[in-house]
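Hi,

Here is the structure I promised to pass on to you. Have a look at it first, and then read on for what turned up in it.

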Amino acid sequence: MLIDSRELTDGSSLQADICIIGGGAAGITIAREFIGTNNKVILLESGGLEFDQQIQSLYSGDNTGLPSFDIDVNRLRYFGGTTNHWAGHSRPLDPIDFEEKEWMPHSGWPITRADLETYYQRAQPVLQLGGYDYENLAKLTRATGLEALALDERRLKTAVYGQSPPTRFGIEYRNELARAANIQVYLYANVLELLPNESAVHVDYLRVASFKGPRFRVAARQFILATGGMENARLLLLSKQFTPEGLGNRNDLVGRYFMDHVLLRPGLDVSFTHPGLQLGLYHALHDVEGGKKFAIVAATEHLLRKERLANFRIHLYPTGPHYKTPIGGIFSDLDGFAGENPLEKTRNNSIAMHMVLEPVPNPDSRITLSQNKLDIFEQPKLEVKWLVEDADLTHAYRAMELIALEFGRMGLGRGYSQLFIDKTRWPKHMEAGKHHCGTTRMSKDPKTGVIDANCKVFGVDNLHIAGSSVFPTIGYANPTITIVALALRLSDHLKYTLRP
Amino acid sequence: MTVKQSRRSVLKVVISSVCSSLLLPGCGTGESKPENAARQIREQLRHHGVAAHLGRLEVEANPKLKSMTPMQLTADVLSSIDLDINAINDAQIDSISERISTRIRQDFTDEAVTTVDGWLLSVTEAKACALVFLDITQSSG
């Protein structure tokens, strides 16, 4: 059932077994998992069914970190959340992404990739991704008749990426939730605060408001915070009754370790010297067993361990003959193609290598509450300080060097990067990946994380968190499929917790 | 610094192009075998203006190169492909292109590379560029 909160009576009290805060990928996935169960579920969504600038403005805040981070454009605050404009790129995190790596401070999940495997498989149809074939490159090359690059398999690999249509959760699953007798979706319901008991170990109810509408409260046996990588932390920080530092924040970790992928688009331009080079496997979408796939170039585990690097991936996009000088063709002869000038032979003579780099978790990269700016509900706005470290720059340089080395080794081209001109600073076009993670990180220890392996907030017995804010490290993969997999896993856990 | 190509250099390039088209290395110009080898190395590079630009930057970044004559640098490049400038024969000169190609691939495998003006180049091809630059500047008087 879909309900417009603006039509509620002021001062209403709602009651449920489970209250989900946030109607994005995580919240909707969990709500769907409870359709037809004996549990009454309330899902609270801040926005309506369509984009509304006034509601969206609740996401505004200040950026005090790197200027390349844009706080206002990444997220969407209406039913379906940010899936309303996500690109659809999907791939599970690599097993190594879950490990505690001695060369990467603050790394390590309390769960493994194996713990998530079945949930990744279950996430596949949720995201309309077709077959679960991320490790089956041969299937992709057979289906397409296209060859993968002959990469040095100790260092680099061609990896399979999935492409969701992309699934717009608010559209795709709206009717299903509207029809479900035990699910109530409240639109225009803004959670202002989580109210715990006096010892702050149990959430009693939520304080909720509709813009220019009623104020009401929601009580539940279990609460799930699923409002995204930044807002999850903000809501905990806003919940100060009996916990002035914020709910679940006894160890001053809420909001810290704010991460986003580091993007360089391009990180490297490879001017290729092989006139017949075909890269369709990488830059085109291919239909394989009911889903769309494409290929990327990524680091191998062997490379990451040997060189103590952060994980990274590279997208390959032909760019056409954009160089104004003939520098692209200068070395063609040296690769054994004497007399061939690729500039004359092919239009697609260069490849833009778009790099997506895993950042090193940094406790000083964080979100906090503004000291002086309030939103339309008179609540402190967000302040975001996105930082990257020197180590990230070192990793980016080496990643680009490795790709350039590999294309040289294969005799396919030469790489140009602004990092090769100045390795001490980021190129101006460095940007954030719009994947907000880490602010309520998962850990086995409350001293190093906000939630445990079951996504339950340490020290609070009925509050769980879903979404990318729980990622302690983020690998190179886009987060949505992992968000959905974790949401499915949390649903199973809650079903067990709520069993009669 | 602007790279000026001397008339002699331009003439050499023109002559070599004509000779290449006639498949007549050296073409009876009276050049010595080391000079022929040097030309073979330079001619691996298609666009000499660009090569000279990269070569200048490589020379400026590498004082050792700056003190070399074109023949010394030629000897150095030949040495890296197992050829002796003082004992080189016609068959070996004919093999320079293939040897350099193989050497460059190996440079990338061995990470024997350098960055020049934002490009990651093998040290061998960077030296080839430097050779073009030195040849132009030192022969222009």
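This is a predicted model: local features need pLDDT of at least 70, side-chain atom pairs count only at pLDDT 80 or more; totals for chains, interfaces and linings use all residues.

Let's start with chain B, which has eight helices and two strands.

Chain B has 141 residues, and 45% of them are buried. If you take the contacts in chain B with a separation of 6 or more, 63% are between residues 24 or more positions apart.

Now for how some of its helices pack. Two packed helices are described by the angle between their axes and the distance between the axes. The crossing of H5(B) past H8(B) is left-handed.

Which residues of H5(B) and H8(B) meet? On the H5(B) side you'll find Pro70(B), Leu73(B), Thr74(B), Asp76(B), Val77(B) and Ser80(B). They meet Thr124(B), Lys127(B), Ala130(B), Leu131(B), Leu134(B), Asp135(B) and Gln138(B) in H8(B). Sorted by class, the residues of this contact between H5(B) and H8(B) are six nonpolar, four polar and three charged.

H5(B) also packs with helix H2 (residues 33–42) of chain B, where the axes come within 10 Å and cross at roughly 70°. Angles of 65 to 115 degrees count as roughly perpendicular, so that is the word for H2(B) and H5(B). Here H2(B) brings Pro34(B), Glu35(B), Ala37(B), Ala38(B) and Ile41(B), while H5(B) brings Met71(B), Thr74(B), Val77(B) and Leu78(B). The classes in the contact of H2(B) with H5(B) are seven nonpolar, one polar and one charged. Look out for Thr74(B) and Val77(B): they are listed in the contact with H8(B) and in the contact with H2(B).

On to chain A, with its 12 helices and 20 strands. It has 500 residues, and 63% of those count as buried. For contacts in chain A between residues at least 6 apart in sequence, 76% join residues at least 24 apart.

Why is H1(A) described as largely enclosed by the rest of the structure? Because seven of its nine residues are buried. The buried ones in H1(A) are Ala25(A), Ala26(A), Gly27(A), Ile28(A), Thr29(A), Ile30(A) and Ala31(A).

Then find Phe407(A), which sits in helix H11 (residues 390–409) of chain A. Is Phe407(A) buried or exposed? Buried means under 20% relative accessible area, so Phe407(A), at 2%, counts as buried. Leaving out residues up to four places away in sequence, Phe407(A) touches Leu149(A), Val270(A), Leu316(A), Ile351(A), Met353(A), Leu412(A) and Gly413(A). Between Phe407(A) and Ser271(A) there are 136 residues in sequence, yet their C-alpha atoms are 9.6 Å apart in space.

Last, the cysteines. Cys19(A) is buried at a relative accessible area of 0%, and Cys455(A) is buried too, at 3%. How many disulfides are there over all chains? A search of the whole structure finds zero.

Enjoy exploring!

How values were computed: Residues are numbered from 1 along each chain as its sequence is written. Chains are lettered from A and ligands numbered from 1 in the order in which they are written. Side-chain values use heavy atoms; hydrogens and water are left out. A crossing is left-handed if the near helix is turned anticlockwise from the far one by less than a right angle, and right-handed if clockwise. Helices (H or I, at least four residues) and strands (E, at least two) are DSSP runs, numbered from the N terminus. Contact means heavy atoms within 4.5 Å. Ala, Val, Leu, Ile, Met, Phe, Trp, Tyr, Cys and Pro count as nonpolar, Asp, Glu, Lys and Arg as charged, and the others, Gly among them, as polar. Buried means under 20% relative accessible area, exposed over 50%, partly exposed in between (1.4 Å probe, protein chains only). A disulfide is a pair of cysteine sulfur atoms within 2.5 Å. Axes are lines fitted to C-alpha atoms, for helices over the stretch in contact, and angles run from 0 to 180 degrees between N-to-C directions. Angles under 35 degrees count as roughly parallel, over 145 as roughly antiparallel, 65 to 115 as roughly perpendicular and the rest as oblique.
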